[in-house]
Amino acid sequence: MQIIIDNISVECQEGESILEVALRNNIYIPHLCKHPDLEASGGCRLCSVEIEGEEFPKPACSTYVKEGMKITVRGPKADETRKMAMELILAGHPSECTGCPKYGKCELQSMYQFLGASPEHWHKTSKPVPDNKDNPLIMHLMIRCVRCGRCVHACRDMRGVKVLDYRHIKGEIRIGTKDGVSLADAGCRFCGACIEVCPTGSIMDQVGLITEETTYADAVVPCRATCPAHISIPEYIRAVKEGDCDTAVGIIREKVPFPHALGLVCNNRCEEKCKRGDLNDPLSIRNLKRFAAENDKTQSWKEKYTACAPDTGKKVAIIGGGACGLTAGYYLRKKGHDVTVFEAKKIPGGHMTSGMPAYRIPTEAVLDEVKVIEETGVKIVCDKKIENAAELKKDYDAVLVAIGTSVGKKLMYLPGADLPQVYTALDVLQAQRLGIDYDFGQTVNIIGGGNVAFDAAGTLVRMGKTVNVVCLEKDASQATPSERDAALEEGANLFDSHSNEAILAENGRVCGLQVHKINSFSFDPDTRALIEDAIPDSTYVIPCDSIVFAAGQVTGLTDAFGIELNKFGYPIDPATGKSEYTTSVEGVFAAGDVITGTKFLIDAIAGARDVASLMDKYLGGDGQIDEQLVERKADPHIGRIEGFAGLKRTELKERDAEERKKDFDVSSIGFTCEEGHCEAERCLQCDLRLNVSRPHFWSDFK
Amino acid sequence: MNSFNLEKERLEAYAAKEGKKLLVCEAVHPLGKESVWIDAAKDLIDSVEIVREKIGAEKALVLCKGDGKAFEDAAAGKAIEVKTADDVEYGMPFMAPTAVGRYLNGEQGYPCLDKPICTPDGELVCAFLPSAIIRLSGKLPETREFFVNDTNKVTVKQGQTWAEVAAAGGVAEARGVIAGFPDFDVFGEDELAQSFDIWSLEGDEIEAFDANTCITDVALKLITQCNDQTCGRCIFCREGTLQIKLTIQDIQNGKANMESYNLAVNLAKQMVHQTLCGVGTQAGKLFLELADKFGKELEDHITSKDCKALSCKKYITYHVLQNLCTGCGKCVDACDEDAIDGKPRFIHVISKIDCTKCGNCVSACPEGAIVKAGKIKPPGPMRPIPCRRKD
Amino acid sequence: MKKYQADVCVVAAGLSGLAASIAAAEQGLKVVTLEKNKVTGGAASMGMGPLAVGSRLQRMKGVNLTADEAFLKHMHYAHWMADARLVYDYYRKTGDTIDWLEDMGIEVIFTGGTLYTPTRMRAFAQPEQTGHLIAPPPGQKPGPRCAATMTRKMTERMQELGCELLLETPGKKVIMKDGKAAGVMGVDANGEEVEVECKAVILACGGYGDNPKMIKETLDYNWGEDLFSFRIPGNVGDGLRMAWECGAAKSKMMMELMYQIPDNLNHFDLEGAFRQPLLWVNKLGERFVPEDCIGNTATMGNCILNQPGRTCFTIMDSDTLKYYKKKGVDFPGVQGEEVFDHFDEAAEAAKEEGYKYYFEADTIEELCEKTGIKLKGLQETLEEYNADCDLGRDTVFNKDYHFMRPVRKGPFYALQSFIGAYGTLGGVKVDRKFRAINEDWEPIPGLYSVGTDCCNIYGDTYPFVLPGNTMAFCLNSGRMAGEYVAEYINE
């Protein structure tokens, strides 16, 4: 169908409105209450146009095209209606703009700049309306509201939650909830669609949510922004809600190759930033990841996941088969490079299979996920300790050092630290996971109060030992509370606020640990020496048969490894003097714990992604490692859920302490289908808001 | 005749459509009063039957407020259901056909784009006002009930003149009659003698006023009704009715000028075509007809500050007639602004500045010596002077 | 990473940014302009019109003020604490700039003195007639926001001349190459980096009015406690920071002071009602200014600045309120004449909302209790003031006797005001060609600063005697910088 707008003939179909046709053909018609995604309401009349044969101007947004229509946008009659409509809107609007947080981004401001209308000769009918900042996440500053109704249409038609509507409040028409109840009571799902469509900043995010430091998308979806690997969390939770866990795992695998492992042990920093936290408590994002991985039957993502780019003929060697090495290996293989991973221990998986206890992350779960990586063609060679990276570089195009921090640190300044029965926490964990036996005897004293200490304690309890954990910090504040309490429940004893003096021995065998109590302690900022506020003559001996140091881990690298290290044994790049992905040897890269020190699994994987992209560019590739594995749909119509704001967070159930301390099966029970579904339903789906299209400003049209 | 809803066209359009249909007779009174149609329930239900066949609808529905008993009795045995729509917040916008459609879908009854709307179980909603149904059925009863000046219900026979209706409604020598919402037809003094077809009116309200009611009060009352009932979706209705209301108030208290008056007239011209339902359109039409039929009186208020009906406080002053005042002082006690000064046996004087024109003193004066005055002021002393009357 | 090539990169498209872009483009330069917001015009979109001296419109109205006279009046007012050469060039440019605007199709009208305050006000006894206004739509009175049509026409003119306007793209850092400004790094809406390589950079970021921390550090005002200035979102001092990072020296910073009630947006009528020549007292209950001088907001801002707690109160009794309700306002400020029609509604809404700065009390004692004013001080003042009212002459400040209305009959109404400000001024040291200069007065090649970032020609107080000055400075500094940049590049 053909119509003529401002004597430009344009193509269009039946059922389209004049406004849609004009905007599509780069012809600007001023409009305010029509939003690209919403049904027209025809209320504001700013889009009036003159149509040949019609005596009075018609609203372009709600007048449908007919064959051969001749339309003039800026005709005299249409302009008069438009100008008067604009003046009436401004007459009911505060006459002072400069105090408004939306200044500069406000569509009404752009409109009066374009039309030049001013309400001076009308009565000023703007009445004071107190700002309502009591609701979580959303502020109502209704004195600025021009009652265009876009938020009403968004809430009722686009989202189907039906919370906002026109209300008669104190003899005036205002937008609000029924009888003025709070958003939570009215059933609001805090999806933020009303904020996105509001042209004048009457409905805005709470102060502080949107800042200049982060981009708008990161501020709106803080969980995805906080996750070091930027996993698209709302999307996979939505997939879990709809019950197809394979799409959920596909979405997770677009960023990380170990969904199940992360679902078990990730330190979920994303949950601290989850906006649901402002309502009651955050989504349990990690447990949902685990739920998805454990219920992914069809693995619909696999076919695309293992497809690799054509061979580039480049060979890459990766030293260290932990999370970081395998992830980098996977991505480099996907880019078509020939990848070989050298792992010193018997099985790959690094920390996941030898640095954490089996009851937190079972070995089979990790090996299943490693198998998937091997299916892409990554070759993994176990029991092969690489002595010199520079040497290895000779017969490979690029080398990645990803050995993590797999050597436990012993506090050698403690007298008796060189006795035979003194081990490190990693030895304990490897003993159980790799079947190496050490002479621990019956009672074991663990020195150190971090998570690794309590992992070792849990493992030793399951090996039938009596365990004493000795640490400086009050209530072992260094560890995550849940892991500390779990170990203590299983029978480990805690000696907090204790400082060690010496390891005692009796005829060449460890027999006790000499300690004293302290009130508080601190580290000298530059020399890192320990400063204690000791309690006088509180020294006594805790008898034991062996000592386990859980006082941090190091890389265990020496200069023999062939690359420049700093005094703590971490590789550095001479150009910057700091630990970087690049090292002193050209073509040799480093990533994960080996350059950042002991961090969490997700940090190692995120580091691997960055270094993989860097190495691909080094090897001549484009460095693009993002991939789309599964189709997913984001249905904007989310509907009503009664009592949505109050839905409680589903906690993970732990097996009973007595029963779980006897075996090495996973100590927590994953979500049931019903639990998984209703936890996933709590998600505010903050990302839906980003799919709302941006309204047009006159400056967008040349 | 109100050209607003072209009933015949809509009837044919509904009839032409296939599929399930529902005829809705929308008897919710615009201002929430109990429906005038309760007395004529039987005639209404018969007409509903006729129109239902005409458009081929299986069922019909009568919506009303308060108890629908009269309708239920009349509709017994017929495929007509009666529903009390007490949660309809505002009546005027509800009279738009699209509003009924939204209401039956559980939304608030406000007008929206004129697209066919179906009920949740798929029946096309065909909505008419009771008077429209009677007209469309062709069976026009001899008499019809109207509210005159909101309160007294009047039965009007076919062929009666406006003057007779006004008198029946309690306004003896009416000088103007206005048909209520949604017609808003204005009849000046010279047209009161004409008879009218009782079935040509949409609404069931009539406003009649005589010489001592000022046209601005009547206009203010009707426009305020519209402004209270606006649903807020259209700028020209929500803001337009408010601006016209404030302009009329300005005319009443002397703040208007011809420029702001003409601005309101231009606004009314726009309102007539730029709103989605009758409230904005008819409010514009009302102001235009008032400006046309009573324009002179409005302009007198503005330019010569004169209110013939002596009701706009700004333009009237109260005076003590020197030949009747006996100096009894009763008026002083009645005035709570102590705006009247005077001593016993002295002619009292009302101070221009403090007098708030509440009028209490007029009724308090036993001699009837206090009168209102417009442009021409009765002579009187500036300060209290001894009474001259000798009785 | 998106890359752009240009001769000049203008950071921010407020009034000075727009003027600079147009002036540079008119000299045939390729210009790229980065604007943080979605709407151009910055603070000017809310303004009314610039100052001009010697414009065609003035001459037609028989006003023959010359640039030299305006220059001398300005320098005396600012005690010669400004760069005289710069001020002189600026005033000489303003007349021609009006014609420059008119060529762009902007209608300008000349109204003479500032619109609102009656001439009986002492502070305006000899205001120069320099105020020009952007014409409102036909048949309408001028009011706030009139200048928005100017910023729109300038945006269109800029694009007509081929400038590339990148909206929602804040400039973050100036790139220096061997001592010269050679580019600007910015970020677009979805976080992607934008780099503009150019030979010269003009910073026009509009001061740091929206940065309370910086205001506290530089001027020791506490936003939200004793300062309630306008905070145009986004004006956080990027221009200053970027200039200082390239070595530009710091210049004296100040704020265009005036006075305001907190959250005036929601209590506009209330502010208008109390901005009358009533009884103004400070916390000690003493009068501190001849109340008929409150029209000059700049000097009144200075007065309140030196009161305890940087705050003051306006007190009105019920007689005065009744008088105003009947007769209307003495001073029709920005809020218009109808403020007393809605006074009761506005007072009701303030009480209901628990607005902390509006008080009603039946007795003076109760009023002092609620407001925190010293009772003894206020009682003494009232005794003296009411006596003067009966006498019909203000023995303390010789305020105009028309405004001597006693404060006797309860209930009493009071409103608390604080210092406010339009925005900040100054921060980047510039020479007369608006080139940013370092500590030892050498210009940093290719780096220019215009508008409120570098405006320190006012000494310590805004010259109300030459109204429309800040908007004119932005307009003309942008235009002049645009021309000087062309000189620099074509060298």
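1. How much area is buried between chain A and chain C, and what percentage of it do carbon and sulfur atoms give? In this predicted model, the area buried between the two chains is about 3,900 Å², and carbon and sulfur atoms give 55% of that area. On the side of chain A, the three residues A:Glu96, A:Tyr103 and A:Gln113 supply 18% of the area that this chain buries against chain C, which is more than any other three residues.

2. Counted by residues, the contact involves 46 from chain A and 47 from chain C. Between these chains there are 13 residue pairs in polar contact, both residues being at pLDDT 80 or more. Helix 2 (76-91) and helix 3 (107-115) of chain A are the elements that give two or more residues to the side touching chain C, and the largest share, five residues, comes from helix 3. The residues on that side of chain A comprise 18 nonpolar, 15 charged and 13 polar ones.

3. The salt bridges between chain A and chain C number four. In a salt bridge, the side chain of A:Arg694 meets that of C:Glu168, with an N to O distance of 2.8 Å.

4. The largest nonpolar core has 143 residues, and those touching the most other members are A:Ile3, A:Ile5, A:Ile18, A:Ile29, A:Leu46 and A:Met86. Leaving aside residues up to four places away in sequence, A:Met86 touches A:Leu46, A:Leu108, A:Met111, A:Tyr112, A:Leu115 and A:Ala117. Another core, of 121 residues, lies apart from the largest one and includes C:Ala12, C:Met104, C:Tyr208 and C:Leu227.

Definitions and conventions
Residues numbered from 1 in each chain as written. Chains lettered and ligands numbered in written order. Predicted model: local features only at pLDDT ≥ 70, side-chain atom pairs only at ≥ 80, totals over all residues. Heavy atoms only, no water. Core = buried A, V, L, I, M, F, W, Y, C linked by side-chain atoms within 4.5 Å. Buried < 20%, exposed > 50% of the residue type's maximum accessible area, 1.4 Å probe, protein only. Contact = heavy atoms within 4.5 Å. Buried area = accessible area lost by both parts, 1.4 Å probe. Polar contact = N/O pair within 3.5 Å; in protein donor to acceptor, adjacent residues only side chain to side chain. Helix = DSSP H or I, 4+ residues; strand = E, 2+ residues; numbered from the N terminus. Nonpolar A, V, L, I, M, F, W, Y, C, P; charged D, E, K, R; others polar.
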